[in-house]
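Please read it with the structure open.

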Amino acid sequence: SDPPLHRLLSSDVIGCILHSKLSMAANGVFDHTVKIVATIGERTSPAYDKLEEILGQGTIRINLAFCSKERYQELRDLIRRIRTKGGDKINILLDAVGPRVKLGNLGSGVNLKEGAEVVITTQDPKKLATEDRIGTIFKELPKFIKPGDPILLAEGKFKLETIRVLNETDVLTRVVKGGFCKKRGINLPKTDLPVPALSDNDKEDLSELLKEPDVDMVALSFVRNVADVKMLRDFLEQVGRPDVRIMSKIETTSAVENINAIASVSDALMVARGDLWAELENPWTLPSVTCDIIKAGQTIGIPVVTATQTLSSMQTNELPTRAEVDELYFLISRGTDCIMGSEEFAVGMYPEAVVHSIRAVGKEVDKEIQKSLSVPRYLSSTPLDRELAGIIWAEGTKRIRCICIISSRANYLKEVYRHRPKTPLIAISNHAQSVHYFQLFQVVPVLAKFDVTDDASVIARAALKQLNLFGQQESALLIVNHTGPDTTRDHHFSRIEEIPLPSSADSLD
């Protein structure tokens, strides 16, 4: 059997990585750890032509809710442009729509009067809505809705209650919470909808857009269980893209109930708080539910994205509100790996300020983490996990500046990432798509050329030089395993050792 991990290190190496003092790299590579997911908008949006430059590194999300056959070529060109301009610093995410449970044509909006009766109809959803009759594109609504079931509109801002099903196309409702409704989204928290998470429209869109090899990841909307994720996984196999990773969007009560199982078959999670808020029986539990989802991702070692209205005021304001700054701090300190901006980037006037605000708050959280004496956020009972945690969280020397992980794929990064070491992680891979995926983790990704026969310490030192990370009498902890398929859970690390940092820019010449 393999020796305990601590025996692979000299006794003076098992140090206080937790308390290591960082001297920042010249290019600011360790200035922040929280990552950003930015939504690209229409050609007319201020950030459209320069989002890669504004973001620098992170994930760019393309929302397929606005996709159509007529736009396929435009989106393919967009994907190619992002990769050309952003290179390996950008992860490209396609966000699939899922079941289209939406209202029809609202025009500029419709006034819902509290106590009034309104018919929701599947007949001609393109017809302009009136105060007493509104169309829906969800043709199965009369089949599944029951008397007493709530119908929430605009992410729960407005509420209707079902009175009865009139016929196979019409449902009579009463307005419980009214107002002027402009958004088309519908939530049915009490209605069991036996519809697939991956719709026919999603399959058609993805079949076309996944022909672009630069797509890295697909987000699946309204996930309910493991079967939904596996459906997408099977579809990716069918279209010849098993390399594409899956982000499961948690926005239903079923997903919350099955969160640990869903996390185990996903590559990332997204807390989609807009629809989740509307779906929860008690919406005031949203903060604690968000923390539970983050914890599920931490346990598996996969990144978690938190979305919806994080900095919504910055669509038109250059500075966030005090409440937004406070919420950002809460989310980052609780362990979310990424903050997603939607309208803030897609139509907002100040995308550069949004990036700066997220990173500025993340930097303040980092300061507190470095001062904290708390225990690891992930604790496991397995012998290897205890050994690895002992190395990462041991007490002693203070000379470890960073942890370098060399792995062709992401599996071994996840094994270390579950322990959330407070020392910066540098993830080195020879696989471009893995490096793109690493943009969702709170790590510094590096793409390097190597094979399994190359000297790992030479690879790591070259990466440190590339990052302008030098030091006198300081070290990096090197964890190596660049063998084995990405899908395994083989807990064997082939090498763990201390390596000296390059002493100057010329040290590797």
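Rings of Phe, Tyr and Trp (its six-membered ring) pair if their centres lie within 6.5 Å; planes under 30 degrees apart count as stacked, over 60 as edge-to-face and the rest as tilted. This is a predicted model, in which local features need pLDDT of at least 70 and side-chain atom pairs count only at pLDDT 80 or more, while totals for chains, interfaces and linings use all residues. Residues are numbered from 1 along each chain as its sequence is written, and side-chain values use heavy atoms, with hydrogens and water left out.

**Aromatic rings**

Y417, Y437, F438 and F441 form one aromatic cluster. Across the whole structure, the search finds four aromatic pairs. Two of them are set out below.

| Pair | Centre to centre | Angle of planes | Class |
|---|---|---|---|
| W277 and W284 | 5.5 Å | 85° | edge-to-face |
| Y417 and F441 | 4.9 Å | 75° | edge-to-face |

Burial is set by relative accessible area: under 20% is buried, over 50% exposed, and partly exposed lies in between (1.4 Å probe, protein chains only). W277 is partly exposed at 31%. W284 is exposed at 70%. Y417 and F441 are both buried.

Helices (H or I, at least four residues) and strands (E, at least two) are DSSP runs, numbered from the N terminus. Y417 belongs to helix α14 (residues 411-417), while F441 sits in the loop between α15 (432-437) and β19 (444-447), so their pair ties together parts that are 24 residues apart in sequence.

One ring also has a charge over it. The criterion is NZ of Lys or CZ of Arg within 6 Å of the ring centre and within 35 degrees of the ring normal. The charged end of R81 meets it over the ring of Y48, 5.0 Å from the centre.

**The barrel**

The protein has 16 helices and 21 strands. Two strands pair if DSSP finds at least two bridges between them. Eight strands close into a barrel with parallel pairing, in the order β1-β2-β3-β12-β13-β14-β15-β16. On average, neighbouring strands of this sheet are turned by 25° against each other, direction ignored.

Strand β1 (residues 35-39) pairs with strand β16 (residues 338-341) in the parallel sense, over four bridges. There, I36 stands opposite I339 of β16.

Which residues cover the two faces of β14? A268, M270 and A272 are buried on one side, and L269 and V271 are buried on the other. In a regular strand, side chains alternate between the two faces of the sheet. Strand β14 (residues 268-272) has five of its five residues buried. Strand β13 (residues 245-250) runs parallel to β14 and is joined to it by four bridges. I250 has V271 of β14 as its bridge partner. Strand β15 (residues 304-307) also pairs with β14 in the parallel sense, over four bridges. L269 stands opposite V304 in β15.

Helix α2 (residues 72-86) lies across β2 (58-63) and β3 (90-95) and runs at about 160° to β3. Axes here are lines fitted to C-alpha atoms, for helices over the stretch in contact, with angles from 0 to 180 degrees between N-to-C directions.

S475 is found in strand β20 (residues 475-480). S475 counts as buried, at 6% relative accessibility. Its C-alpha atom is 4.3 Å from that of P500, 25 residues apart along the chain. Six of the six residues of β20 are buried. S475, L477 and I479 cover one face, and A476, L478 and V480 cover the other. Strand β17 (residues 400-406) pairs with β20 in the parallel sense over six bridges. I403 has L477 of β20 as its bridge partner.

**Cysteines**

A disulfide is a pair of cysteine sulfur atoms within 2.5 Å. By this rule the count is zero disulfides. C402 is buried at 0% relative accessibility, and C404 is buried at 0% too.

**Overall**

Buried residues make up 54% of the 509 residues in the protein. Contact means heavy atoms within 4.5 Å. Among contacts with a separation of 6 or more, residues 24 or more positions apart account for 72%.
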